[in-house]
Amino acid sequence: MRVLRRPATAPPPVSEAEKLLFSGTLRHDQAWAQYEDPLLRMSFWAMARQFPAMLAMVARVARREDPRALAALLGAQLASGVMTAFVLVATNEVLVALFAGGPTPRKLLDALPALLLGGAASAGTVLLGCLIVGVEGRLYPKIELACTTAYYGMMARVEMSAMEDKDIHRKLSLGRYGTDSVQRMLSHSVWVVSGLMSLVAAAVVLATLHPLLLGALVLIAAPRWWGAVVVMRRAYASRHVWVDHRRAVDVLVYPVTRADATPELRVHGAGRVLVDAQRGMGASAAREKARLANAQAGTELAAAALSGTARVLAYAALWWLLVAGGMPLAAAGTAVLAIRNATGYLNTVVTQLNSMCEESLYLKDMNHAIELGRRHAIPEGGTPVTGKGVEVVLQDVTFRYPNADRDALREVSVTVPRGKVVALVGENGSGKTTLAALVAGLYLPTAGKVAYNGVDIREADREDVFDRVALLSQSVQAWPMTVKANIHIGDGGRPMVQRDIEAAADRADIRAVVEELPHGWDSIALKGFERGVKLSGGQWQRVGVARAVYRRRDLVIVDEPTAALDPRAEIEMFESLRSLTADGVTTVLLITHRLAATASADVIYVLDRGRVVEQGAHHELMAVADGHYRELYELQASQYDVGDGEKIPTQRKP
Ligand SMILES: Nc1ncnc2c1ncn2[C@@H]1O[C@H](COP(=O)(O)OP(=O)(O)OP(=O)(O)O)[C@@H](O)[C@H]1O
């Protein structure tokens with residue numbers, strides 16, 4: 001049964017600022033709009049019907065995490081409901097004794113046992129309330145921790161190709177909003193259960209006094225339910241239509257507070273543009289809030305009027321029962337009290353049920369994400385990759401990114417031999433990074449075969465594969481932790497050894513820089529935190545080198561490592577990478593546009609639009625008259641030509 005029609009909210013008007021800055025509205029990919037329909041379609045009865053299933057879902061997690069706390073919580077709730085009924089019955093007894101005939105001291109004495117029992121029951125309710133607070137404090141954090149661990153643990157194991165798939169990634173990331181929903185749902189269900197129990201207690205007392213009073217209770221409560229559900233659904237509707245608008249305002253003004261945006265904000269006057277846009281968009285949001293408040297006031301007035309009328313009718317019925325039905329005055333007093341309490345409990349139940357329904361959607365998303373993530377997880381176990389060093393062989397490998405309409409690599413055959421330097425060169429978008437990711441075991445080929453020491457990557461234990469690889473990419477990941485932890489995270493599975501960190505930093509030529517920082521190795525590698533420092537782009541690249549050196553694995557994959565380095569550091573970096581292979585075991589796979597650096601590679605693969613078009617050593621490729629590599633090399637070398645055949649030297653003279 002649908003109690004209400006779907007509330008309509010007009011979409012936000014597109015302000016001049018939005019037209020100017022977004023050419024329309026700014027909408028997020030991960031639209032919250034997916035919640036809009038289920039929430040708005042939901043009637044009160046649909047919510048009530050879902051309640052047992054939601055409760056079971058929450059109880060399952062709570063029982064797994066702390067069955068004793070859950071039992072204590074449920075027991076305390078049950079006892080609290082019984083106490084509430086007991087207080088009402090005791091009140092009735094007190095009133096019966098007080099309204100009876102006889103002298104007042106006698107009546108008081110008669111009422112005393114019920115009064116004491118009622119008082120004890122009230123005190124019991126208070127004590128149970130305290131117990132519930134304590135148990136909730138113990139149980140909720142455990143539940144939240146279990147959910148976050150399950151969710152993030154799953155996310156850390158998802159195949160990279162699934163993360164690249166727009167649809168899968170959207171579903172996976174939506175699960176994040178559900179990690180604290182279980183504990184919130186449990187908290188709401190505690191309220192619903194206790195509200196329902198108190199409600200049932202009041203209803204039973206009323207029905208015992210006279211069945212007509214039960215009907216009166218329904219009449220009084222119904223408009224209040226209606227009002228609460230209408231107000232809440234209208235608020236949902238508005239929130240979901242306006243959420244992108246609100247986020248766009250946040251996105252707009254956020255840079256105004258950022259230190260790194262200050263130059264353009266000041267010099268170009270970008271700050272003024274953003275603040276003006278925020279004012280324009282904020283004004284329309286304020287109008288929407290005013291509209292909601294007016295509508296809410298109207299609904300609540302209508303609900304109060306209907307409920308008030310029903311209450312007047314109920315009191316009239318009570319009057320009639322007193323006068324004509326022979327109901328004792330004490331029973332009428334209890335009835336008034338029960339009606340008043342029951343209305344309050346009803347409001348609690350409706351409000352909490354509404355919140356539960358909203359939470360249940362997030363929770364479903366989380367469960368769905370975890371299940372989806374497990375389906376796309378990197379498989380555990382497999383054939384071990386054994387042997388000293390690694391040789392990676394790609395045979396007729398084709399690869400297409402999820403959602404892409406063409407292959408990034410097409411029938412590529414490449415051998416990355418043990419103990420050598422292999423360079424991948426080619427123009428932007430030719431497929432070098434993709435090829436390196438396949439060599440690292442991050443993607444599985446769409447067609448063809450990748451073998452690690454002879455083991456097909458599809459059968460290999462991927463943990464073994466990852467354990468053989470160290471990555472150094474152009475944009476070094478800056479983790480919000482100390483500088484030393486930023487290096488240690490390269491091999492975070494082993495205990496942190498300061499000596500090894502310093503040795504790696506020495507090799508990457510970053511040790512002196514770190515040790516001169518005010519907090520040295522304990523500096524936080526991000527500005528904006530206490531002990532926070534800002535490292536330059538080149539310094540970060542050196543931290544990245546230190547991280548890869550600290551990791552020290554058989555295969556070091558280096559993607560454009562020198563973009564931010566000064567010329568001296570660049571030369572030193574290539575020399576030091578080359579020296580890694582001196583042990584005859586370590587392999588370096590190097591991607592670079594600096595062809596001067598590839599000259600010393602053992603083998604160079606030239607890629608063009610996803611295909612290997614040339615391969616060989618530098619001198620072999622330079623010998624190909626109209627070769628692709630030679631053309632690129634000469635083009636680059638010509639940049640240093642200063643006329644008259646003179647060239648600016650690209651290497652330091654010894
Ligand atoms: N995550 C992705 N999803 C879809 N397509 C991608 C993705 N990453 C890269 N591509 C596409 O695959 C092709 C190869 O990209 P790749 O990054 O491997 O080239 P590259 O040779 O490393 O380029 P560059 O020299 O600019 O770094 C390009 O057409 C690129 O647009």
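## Domains, cores and ligand shell of a predicted model

The domain assignment of the protein gives two entries: domain 1, covering 16–23 + 44–375, and domain 2, covering 475–552. Their centres, taken over C-alpha atoms, are 48 Å apart. The model is predicted.

**Overall build.** The secondary structure comes to 22 helices and 12 strands. The radius of gyration is 36 Å, well over the 26 Å that the globule rule gives for 654 residues, so the protein is more spread out than a compact globule. Along its principal axes the C-alpha trace spans about 125 × 55 × 50 Å. Of the 654 residues, 34% count as buried. Take the contacts between residues at least 6 apart in sequence: 77% of them join residues at least 24 apart.

**Nonpolar cores.** The largest nonpolar core has 73 residues. Ala-202 and Ala-335 have the most contacts inside this core. Helices that each supply at least two of its residues include helix 3 (44–65), helix 4 (67–99), helix 5 (104–155) and helix 8 (181–209). Helix 9 (211–253) and helix 11 (270–323) are also among them. Which helix gives the most to this core? Helix 12 does, with 18 residues. Ala-202 touches Leu-88, Ala-338, Asn-341, Ala-342 and Tyr-345, leaving aside residues up to four places away in sequence. Another core, of 70 residues, lies apart from the largest one. Its members include Val-385, Val-422, Tyr-452 and Val-606. In soluble globular proteins, nonpolar side chains tend to be buried together.

**Around the ligand.** Which residues are around the ligand? They are Glu-164, Tyr-401, Ala-404, Ala-408, Gly-426, Asn-428, Gly-429, Ser-430, Gly-431, Lys-432, Thr-433 and Thr-434. This shell divides into 3 nonpolar, 7 polar and 2 charged residues. Helix 13 (residues 432–439) gives the most to the shell, with 3 residues.

| Residue | C-beta neighbours within 10 Å | Class |
|---|---|---|
| Gly-520 | 13 | partly exposed |
| Arg-531 | 15 | partly exposed |
| Lys-289 | 11 | exposed |

Gly-520 sits in the loop between helix 17 (511–515) and helix 18 (537–551). Arg-531 is found in the loop between helix 17 and helix 18. Gly-520 and Arg-531 are 11 residues apart in sequence and 9.4 Å apart in space, C-alpha to C-alpha. Gly-520 touches Val-514 and Glu-515, with residues up to four places away in sequence left out.

What is the phi of Arg-531? It is positive, about 65 degrees, although Arg-531 is not a glycine. Asn-403 also calls for a look at its backbone. Its phi is near 70 degrees, a positive value in a residue other than glycine. Most residues other than glycine have a negative phi. Asn-403 lies in the loop between strand 1 (392–399) and strand 2 (409–416).

Is Lys-289 buried or exposed? Lys-289 counts as exposed, because its 11 C-beta neighbours inside 10 Å fall within the limit of 12 or fewer. Lys-289 is found in helix 11. Its C-alpha atom is separated by 30 Å from that of Gln-183, 106 residues away along the chain.

Note on methods. Residues are numbered from 1 along each chain as its sequence is written. This is a predicted model: local features need pLDDT of at least 70, side-chain atom pairs count only at pLDDT 80 or more; totals for chains, interfaces and linings use all residues. Domain bounds come from an automatic or database domain assignment. Helices (H or I, at least four residues) and strands (E, at least two) are DSSP runs, numbered from the N terminus. A residue is buried if 20 or more other C-beta atoms lie within 10 Å of its own, exposed if 12 or fewer, and partly exposed in between; C-beta atoms are placed from the backbone. Two residues are in contact if their C-beta atoms, placed from the backbone, lie within 7 Å. A nonpolar core is a set of buried Ala, Val, Leu, Ile, Met, Phe, Trp, Tyr and Cys residues joined through C-beta atoms within 7 Å. A residue is near a molecule or strand if its C-beta atom, placed from the backbone, lies within 6 Å of it. Ala, Val, Leu, Ile, Met, Phe, Trp, Tyr, Cys and Pro count as nonpolar, Asp, Glu, Lys and Arg as charged, and the others, Gly among them, as polar. The radius of gyration is taken over C-alpha atoms; the globule rule is 2.2 Å times the number of residues to the power 0.38.
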